[in-house]
Amino acid sequence: MVKKKKTTVKAGPSPIVRRFFLKRKIDDSGVSGTGRVAAGVLWPSGKVSIEWLSNITSHEDHESLAQCVEVHGHGDHTTVEWIDLLEL
């Protein structure tokens, strides 16, 4: 009889995927507009993917939510609006 090894999968910071919007109060660039300007996903690894909700859509990946907000936050003009609440 052969014993099977247990395989452990490292889930990262959170075992779930969380969706969010980037919500902009002021559009300094005049490109993305105000309100919900991008839809995003926080992956279990802690990495983030976003897709812009403008007429010319594009998507990009970031190493973390903090990095994403640092790049696209325009100071305090942009907030993260969570769609999926974290259940404890």
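A charge sits over a ring if NZ of Lys or CZ of Arg is within 6 Å of the ring centre and within 35 degrees of the ring normal. The exercises below concern a predicted model, in which local features need pLDDT of at least 70, side-chain atom pairs count only at pLDDT 80 or more, and totals for chains, interfaces and linings use all residues. Residues are numbered from 1 along each chain as its sequence is written, and side-chain values use heavy atoms, with hydrogens and water left out.

**Exercise 1. State the order of the secondary structure elements in the chain.**

Solution. Helices (H or I, at least four residues) and strands (E, at least two) are DSSP runs, numbered from the N terminus. The chain has 1 helix and 5 strands. Read from the N terminus, the order is β-β-β-β-α-β.

**Exercise 2. Describe the geometry of the aromatic pair and locate its two rings.**

Solution. Rings of Phe, Tyr and Trp (its six-membered ring) pair if their centres lie within 6.5 Å; planes under 30 degrees apart count as stacked, over 60 as edge-to-face and the rest as tilted. The whole structure holds 1 aromatic pair. Its members are Phe20 and Trp82, with 5.5 Å centre to centre and 70° between the planes, an edge-to-face arrangement. Phe20 belongs to strand β1 (residues 18-24) and Trp82 to strand β5, 62 residues apart, and the pair links distant parts of the chain.

**Exercise 3. Classify Phe20 and Trp82 as buried, partly exposed or exposed.**

Solution. Buried means under 20% relative accessible area, exposed over 50%, and partly exposed in between (1.4 Å probe, protein chains only). Phe20 has a relative accessible area of 0%, so Phe20 is buried. Trp82 has 28% and therefore counts as partly exposed. Across the chain, 27% of the 88 residues are buried.

**Exercise 4. Find the charge over the face of Trp82, then list the contacts of Asp84.**

Solution. Arg18 lies over the face of Trp82, at 3.8 Å from the ring centre. Asp84 follows in the segment after β5 (78-82). Contact means heavy atoms within 4.5 Å. Leaving aside residues up to four places away in sequence, Asp84 touches Val17, Arg18 and Arg19. The Asp84 side chain also reaches the backbone nitrogen of Arg19 at 2.7 Å.

**Exercise 5. Identify a stretch where pLDDT stays under 50.**

Solution. pLDDT is the predictor's confidence in each residue, from 0 to 100. The chain average is 81, and 81% of the residues score at least 70. Over residues 4-11 pLDDT stays under 50, and the model has 2 contacts beyond four places in sequence for them.

How values were computed: Polar contact = N/O pair within 3.5 Å; in protein donor to acceptor, adjacent residues only side chain to side chain.
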